[in-house]
Amino acid sequence: MHTLGFEAIGTQWSLSTAVPLAPDTQAAVADLVDSYDRTYSRFRSDSTVARMAEAAGSWKLPASAAPLLTLFDTLQRLTGGAVNPLVGRSLEVLGYDAAYSFQPSGPPAPAAAWAETVSWTADARGTMLTTAAPVTFDIGAAGKGQLVDLVSALLADAGHREYVVDAGSDLRHAGAAPLRVALEHPYDTTRAIGVVSLSDRALCASAVNRRHWGDGLHHVLDARTGSPVDTVAATWVLAADAMTADGLATALFFTEPRELVREFAFDYVRMFTDGRADYSPAMAGVLFP
């Protein structure tokens, strides 16, 4: 396999393909990633999201925003409001801000109510999102997964049939040969708790040991309280696409799998902070004894 590596949206990317990427495909990937970042990043001052934090208004988003917002609508409902992209302000209060201060400025702050603060419409021209107040969007619960899907679609359109798009803990695979992926132990990154076989699906993970900056402070917040989760340590989800897998990996921190399987097809492993783990039937045998 030929591999192209680069850093973007705060993580290391790796694109592995059976044949090398043509220069125009590499350029198209770079443009796609940069465009996504200019729309959604809350860490750069020239993004659409940065302008949303300054004033209420209506914001034109790319057509790809519609499936992302649809997923957030669903996860917000299924988790009783725990998953909410307005959690960006709560992260800022605890120190995960645009300046990376990692210094809390106050007690945990709940996110603004999603349905009461945001509305959106979509048509062939794009997606229009309207906010009733200044908000700090954070699409980290599913956005990286969606960007993995968009890059994968670009590779497929360029004629690639065998590839792995790896954006940190979010992967999408296509091709005849399965990929074995170790599930990193959330409390010891030199160890794995199991191995999964990834074939023509996406695998996304979320863990409290990623983006943590103080005693009990990490990036997985319950939007209803603004406090970090303290019962689930890590989740892994296999699904047909990375956006869904990414969103469900976050949702499993807040709700039981039986609530999510009513509307999504996926497999999962979930590890709790007390060392226990649960998993879907298809994942039996994945974890080491």
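**Notebook: salt bridges and the sheet**

I began with Glu259, which is partly exposed at 24% relative accessibility. The model is a predicted one. I looked for the partner of Glu259 and found a salt bridge with Arg262, with 3.0 Å between the closest N and O atoms. Arg262 counts as exposed, at 62% relative accessibility.

Next I looked up Glu263. Its salt bridge is with Arg77, and the closest N and O atoms are 2.8 Å apart. Glu263 sits in the loop between helix 8 (257-260) and strand 16 (267-272), while Arg77 belongs to helix 3 (residues 65-78), so the pair ties together parts 186 residues apart in sequence. I noted Glu263 as partly exposed, with a relative accessible area of 39%. Arg77 is also partly exposed, at 48%.

I then checked Arg270 and Asp278, which form a salt bridge with the closest N and O atoms 2.8 Å apart. Both residues are buried.

For the whole structure I have 15 salt bridges. I also noted a network of salt bridges that links Asp34, Asp37, Arg38, Arg44 and Asp46.

I read it as open, with 8 antiparallel strands in the order 1-2-6-7-10-15-16-17. Strand 1 (2-8) and strand 17 (277-279) are at the edges with a single partner strand each, so one side of each has no neighbour in the sheet. From one strand to the next the twist averages 10°.

I followed the pairing of strand 1 with strand 2 (residues 11-17), which is antiparallel over 7 bridges. Glu7 has Gln12 in strand 2 as its bridge partner.

Last, I looked at helix 6 (residues 143-157). Helix 6 lies across strand 2, strand 6 (163-167) and strand 7 (170-174), and runs at about 155° to strand 6.

Conventions
Residues are numbered from 1 along each chain as its sequence is written. This is a predicted model: local features need pLDDT of at least 70, side-chain atom pairs count only at pLDDT 80 or more; totals for chains, interfaces and linings use all residues. Side-chain values use heavy atoms; hydrogens and water are left out. Two strands pair if DSSP finds at least two bridges between them. Helices (H or I, at least four residues) and strands (E, at least two) are DSSP runs, numbered from the N terminus. Axes are lines fitted to C-alpha atoms, for helices over the stretch in contact, and angles run from 0 to 180 degrees between N-to-C directions. Contact means heavy atoms within 4.5 Å. A salt bridge is a side-chain nitrogen of Lys or Arg within 4 Å of a carboxyl oxygen of Asp or Glu. Buried means under 20% relative accessible area, exposed over 50%, partly exposed in between (1.4 Å probe, protein chains only).
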